[in-house]
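Here is a protein model to explore together.

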Amino acid sequence: MRVLVVEDSERLRRSIAEALRQSGYAVDEAGDGEVGLHYALSGTYDVVVLDLMLPKMDGLGILRRLRKSGGRTGVLILTARDAVEHRVEGLKAGADDYLVKPFALEEMLARVQAVGRRAQGAMAGTIVRIRELEVDSGTRIVRRGGRVIDLSAREYALLEFLAIRKGAVVSRSQIEDHLYAEVQEVMSNVVDSAVCALRRKIDPPDGPSFIRTRRGMGYVLGEE
């Protein structure tokens with residue numbers, strides 16, 4: 001998933017961003033409301049982690065502008081305000097979840113994952129099966145023939161992105177947008193290399209690949 005973190009505390013923003021990156025997410029960062037709004041409206045994000053108390057424009061203002069524009073990106077609000085009326089205000093403005101500071105990074109990661117699944121319209125049961133391959137987005141575990149396959153965070157993110165779109169062609173540019181932050185320089189063959197590495201781990205040694213190439217178009221997981 002691709003995540004935008006809008007938080008004015010540089011220390012907290014970097015901690016959140018680093019935890020997300022270590023979990024395989026592509027992350028962009030903004031330190032004030034104006035930059036955050038620009039990113040939120042112009043980027044393709046699965047989740048926005050949004051502080052309420054921001055310079056230049058507050059988080060509720062960003063959230064309202066995002067929803068007014070028709071954006072359905074999942075939004076997790078971070079705030080030091082723990083009063084019920086503040087939570088209700090954020091949820092009424094269109095937030096998907098609410099996390100009060102201070103919080104454990106493990107809880108934040110779990111909430112980002114849950115908000116992302118809801119925003120993507122996660123599959124029933126959160127499990128996708130292609131022949132003997134099973135992708136469980138609830139536990140982030142992948143099995144082939146019942147045996148767990150050890151994937152890196154980014155390999156899992158790629159596989160889950162394809163699994164959510166099972167049977168549909170996913171372009172290289174869509175994969176780049178999902179896996180890599182806007183500020184990263186992405187080499188021209190990085191997606192092909194990532195798919196090749198994933199195939200080596202998930203494909204059976206004596207059978208066809210689960211991921212098929214559509215020349216000039218992209219990749220398909222499973223049958224079209």
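Let's begin with K56, which counts as exposed because its relative accessibility is 62% (exposed means over 50% relative accessible area, buried under 20%, and partly exposed in between, using a 1.4 Å probe and protein chains only). You can find K56 in the loop between β3 (47-51) and α3 (59-68). Helices (H or I, at least four residues) and strands (E, at least two) are DSSP runs, numbered from the N terminus. K56 is not a glycine, yet its phi is positive, near 75 degrees.

R131 also has a positive phi without being glycine, this time near 50 degrees. Look for R131 in the loop between β6 and β7. With a relative accessible area of 46%, R131 is partly exposed.

## How to read this model

The model is predicted, so local features need pLDDT of at least 70 and side-chain atom pairs count only at pLDDT 80 or more, while totals for chains, interfaces and linings use all residues. Residues are numbered from 1 along each chain as its sequence is written, and side-chain values use heavy atoms, leaving out hydrogens and water.

## The five-stranded sheet

In which order do the strands of the open sheet lie? The order is β2-β1-β3-β4-β5, and the pairing is parallel (two strands pair if DSSP finds at least two bridges between them). Because β2 and β5 stand at the edges with a single partner strand each, one side of each has no neighbour in the sheet. From one strand to the next, the twist averages 20 degrees.

Strand β1 (residues 2-6) and β2 are joined in parallel by five bridges, and V5 stands opposite E29 in β2. Strand β2 (residues 26-30) is mostly covered, with four of its five residues buried. Elsewhere in the sheet, β3 runs parallel to strand β4 (residues 74-79), with five bridges joining them; there, L50 has I77 in β4 as its bridge partner.

## Nonpolar cores

The largest nonpolar core has 27 residues, and those touching the most other members are V142, L151, L159, I175, I202, I211 and L221. A nonpolar core is a set of buried Ala, Val, Leu, Ile, Met, Phe, Trp, Tyr and Cys residues joined through side-chain atoms within 4.5 Å. Which helix gives the largest share of this core? That is α6, with seven residues.

Apart from this core lies another, of 21 residues, among them V48, L60, A93 and A95.

Helices α6 and α8 pack at an angle of about 90 degrees, with their axes 10 Å apart (axes are lines fitted to C-alpha atoms, for helices over the stretch in contact, and angles run from 0 to 180 degrees between N-to-C directions). That makes α6 roughly perpendicular to α8, a label used for angles of 65 to 115 degrees. Here E155, L158 and L159 in α6 meet A194, V195, A197, L198, K201 and I202 in α8, where contact means heavy atoms within 4.5 Å.

## A cis peptide bond

One last stop: the peptide bond from K101 to P102 is cis, with omega near -10 degrees. P102 sits in the loop between β5 (97-100) and α5 (105-119).

Conventions: Parallel < 35°, antiparallel > 145°, perpendicular 65-115°, else oblique.
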